[in-house]
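Good morning, and thank you for coming. Please look at the sequence and the structure on the screen while I describe them.

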Amino acid sequence: MPDASARPTGGAPARPPACSRCGRVAPPGSGPFCPYCGRYLAALAWVAEPPPDGKPRPPVRPRFRYSGPPRYREVPRWGFPPLPWRGEPEAERVPALERAARIAHPLDVLLRVTAGVAVVAALAEILRYVLLVLSRADALPVGLVAFSDAAVAFGGWASLAGLVGCGVLMVLWTLRAREAAAERTGTVPARPAAAVVAGWVVPGLNLSLPGSLLAEIEHAGLDRPPAERPRPSRLLLVWWGLWGAGVVLGVVVFLWSFRSGVQAMADGVLLHAVLDLLAAATALVTVRVLRYLTALLEPARPVRRETLVAVRPPGPAADEAAPGATVAP
């Protein structure tokens, strides 16, 4: 930017500058322009400055002068305790058995509710079959047919929702229970979590792997050697049979629904009723298995037995006891 300020450096009058164009010196009082060529006679100084970048400049913080350490009228009573530095305490890890117990309680309740709903669905299917048999000879009341359809729809959808909820909680409980079994035996789970989930939901695998998982949990809960082959108990074998039969029958009912014909529809109603009763029985047996395995994984409690050392006879015979005998009051 141009700087046109010109000031005298001494007490003598300032000499007019020479013209930068023609080189002549203008006479005093000729003004700021050259009388010969008309050029501006003031000295110009061009200074290059960077353009503004548009960013706000950081505020200048005032610097306070240090006046020394703080002063108190009396000895302060606050301060840090004379202890070494301690970091933040780490979050306590919840044991796997406790996490499994948290899932076992709502699963127990949901299994019982699902068993009741499945029984209702089975009764609704049986009522529908009876109405089908009666409809061959005479017309049926509209209200009774509507009630049967509503009962079948409610029982079917409610039992399906209950089975899905029980399945999700059962998978979660199995994951936590196998971790608790591994902690109890000091080993590492043989299967990853993805294999456990696949064993419950993949068709074909869900016939054998769920029973194997529960047998391994029972094996660890009974404190048997980890290298020994698990031998499932009778309760687990019964549950395994009901579970496999339910899976196979569910596939059969699904494929049967694609058949057409009056007799096929009637047989489908009976198959649905049997499937609902089988699901109710499986749910109730699962409740027993759940409680049984959860109790096995809990730490063993010390057995306390009362021992009777001696009995004090009535009367003066108590004073005649042997001096080395121990008498219990």
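This is a predicted model: local features need pLDDT of at least 70, side-chain atom pairs count only at pLDDT 80 or more; totals for chains, interfaces and linings use all residues.

Residues are numbered from 1 along each chain as its sequence is written, and side-chain values use heavy atoms, with hydrogens and water left out.

How many helices and strands does the protein chain have? The chain comes to six helices and zero strands. Here helices are DSSP runs of H or I with at least four residues, strands are runs of E with at least two, and both are numbered from the N terminus. Along the sequence the pattern reads α-α-α-α-α-α.

Let us now consider how the helices pack. The axes of α1 and α2 lie 6 Å apart, at an angle of about 155°. Axes are lines fitted to C-alpha atoms, for helices over the stretch in contact, and angles run from 0 to 180 degrees between N-to-C directions. α1 and α2 are therefore roughly antiparallel to each other, a term for angles over 145 degrees, while those under 35 degrees count as roughly parallel.

For α2 and α6, the axes come within 10 Å and cross at roughly 25°. These two helices are therefore roughly parallel to each other. On the α2 side the contact, meaning heavy atoms within 4.5 Å, involves M170, W173, A177, A180, A181 and R184. From α6 come T286, L290, L293, T294, L296 and L297.

I turn to the core. A nonpolar core is a set of buried Ala, Val, Leu, Ile, Met, Phe, Trp, Tyr and Cys residues joined through side-chain atoms within 4.5 Å. Buried means under 20% relative accessible area, with a 1.4 Å probe and protein chains only. Of the 329 residues in the protein chain, 23% are buried.

The largest nonpolar core has 35 residues, and among those with the most contacts inside it are W173, W200 and L293. Which elements give two or more residues to this core? They are α1 (96-134), α2 (142-185), α3 (193-201), α4 (209-221), α5 (234-256) and α6 (262-297). The largest share, nine residues, comes from α6.

Finally, consider W200. Leaving aside residues up to four places away in sequence, W200 touches M170, V171, T174, N206, P210, L213, W239 and W243.

Notes
Buried means under 20% relative accessible area, exposed over 50%, partly exposed in between (1.4 Å probe, protein chains only). Angles under 35 degrees count as roughly parallel, over 145 as roughly antiparallel, 65 to 115 as roughly perpendicular and the rest as oblique.
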